[in-house]
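Student: I have a structure to read before class. Can we go through it step by step?

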Amino acid sequence: MSGLENCKPMNTWFKKLDTRPIVISGPSVVESEEQLLNTARELKKVDQVKIFRAGVWKPQTATKTFGDRGLDILQWLNQVKQETGLLTMVEVASPKHVEMCLRHNVDILWIGARTTSNPFSIQELASALQGMNVPVMIKNPLNPDINLWIGALEQINKAGISRMAAIHCGFYPFEQTSLRNIPKWEIPIELKSRFHNLPMICDPSHIAGDKQHIQQISQKALDLNMDGLMIESHFKPEEALSELEETLSPAELDEVLRGLVCRLNSI
Ligand code: PEP
């Protein structure tokens, strides 16, 4: 029997999370103060967006690096919070990231797919989170291993974190497909059916890898009764330095959200 029964629904995490689906949006990677603030200001106009995501320490596949500007960015994020009232959310991959985010009042942390794939990293993060009162979302591992995902969720939960969610971002495809990641919807469906209390967020940006598929993947997630969507955006997507193909402008995001039909299904 797992301890994940004590997970709390997202609308109890913060007063602001009173809509469904919850929409999380923001840049893949923080490029500058101007990009961060302008994107947040535009997103503030999109009703359903409640959480502003930002890649501070960006895990890059290739040698391209955005450097370690963590401290500056965390200060800019505080400005975003004060100016827009959006909750802030940052990816953490090490105890140092956790400590810095908590010191700078980041509202929500997320653990990325590559980190979930490594149980040693999850153990270190669980130690750093022990006794901390912060919500944590955990992406699925790169490979379609539901037990690895559950193991990460349980370890973080055992550290005392009950405001938790799973993020489905699809799985690494070994062959070329029209989508960047294979959704394998049966995996989040099984997770949700085993842990009814665990909120489930879909990350259509990383499944799609291209903005043209985002609407259809988001609709599928809602049809499966997922609790929210995490979609990358940039105030000038054509100039985005990371994940340009899948990044929407806040206006495009608004259009996608308006086109979604919210049916009440259960999985
Ligand atoms: C991201 O969401 O920015 C991303 C690259 O995925 P991950 O969180 O898995 O690193």
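Here are some questions and answers on this predicted model.

Student: What is the mean pLDDT of the protein chain?

Tutor: pLDDT is the predictor's confidence in each residue, from 0 to 100. In the protein chain, 93% of residues reach 70 or more. For the complex, the predictor gives an ipTM of 0.91 and a pTM of 0.95. The mean pLDDT of the protein chain is 93.

Student: How many helices and strands are in the protein chain?

Tutor: Helices and strands are DSSP runs, numbered from the N terminus. The protein chain has ten helices and eight strands.

Student: What radius of gyration does the protein chain have, and why does it agree with a compact globule?

Tutor: The C-alpha atoms fill a box of roughly 50 × 40 × 40 Å along the principal axes. A compact globule with 267 residues would have a radius of gyration near 18 Å, so the value for the protein chain agrees: 17 Å.

Student: Which residues have the most contacts inside the largest nonpolar core?

Tutor: Nonpolar side chains tend to be buried together in soluble globular proteins. Here, 46% of the 267 residues count as buried. The largest nonpolar core has 73 residues, and those with the most contacts inside it are Ile-156 and Ile-201.

Student: What is Ile-156 in contact with, leaving aside its neighbours within four places in sequence?

Tutor: A contact needs C-beta atoms within 7 Å. By that rule, the partners of Ile-156 beyond those neighbours are Leu-125, Ala-126, Leu-129, Val-136, Ile-138, Ile-161 and Met-164.

Student: Is Val-134 buried, exposed or partly exposed, and why?

Tutor: Val-134 sits in the loop between helix 5 (119-129) and strand 5 (136-139). Not counting residues up to four places away in sequence, Val-134 touches Leu-102 and Leu-109. A buried residue needs 20 or more other C-beta atoms within 10 Å, and an exposed one has 12 or fewer. Val-134 has 17, so it is partly exposed.

Student: How far apart in space are Val-134 and Ser-162?

Tutor: In sequence, Val-134 and Ser-162 are 28 residues apart. From C-alpha to C-alpha, the distance in space is 8.7 Å.

Student: Which residues are the closest to the ligand?

Tutor: Ten residues surround the ligand. By class, this shell has three nonpolar, four polar and three charged residues. The closest are Gly-55, Glu-91, Gly-112, Ala-113 and Lys-139.

How values were computed
Residues numbered from 1 in each chain as written. Predicted model: local features only at pLDDT ≥ 70, side-chain atom pairs only at ≥ 80, totals over all residues. Helix = DSSP H or I, 4+ residues; strand = E, 2+ residues; numbered from the N terminus. Rg over C-alpha atoms; globule rule 2.2 N^0.38 Å. Core = buried A, V, L, I, M, F, W, Y, C linked by C-beta atoms within 7 Å. Contact = placed C-beta atoms within 7 Å. Near = placed C-beta within 6 Å. Nonpolar A, V, L, I, M, F, W, Y, C, P; charged D, E, K, R; others polar.
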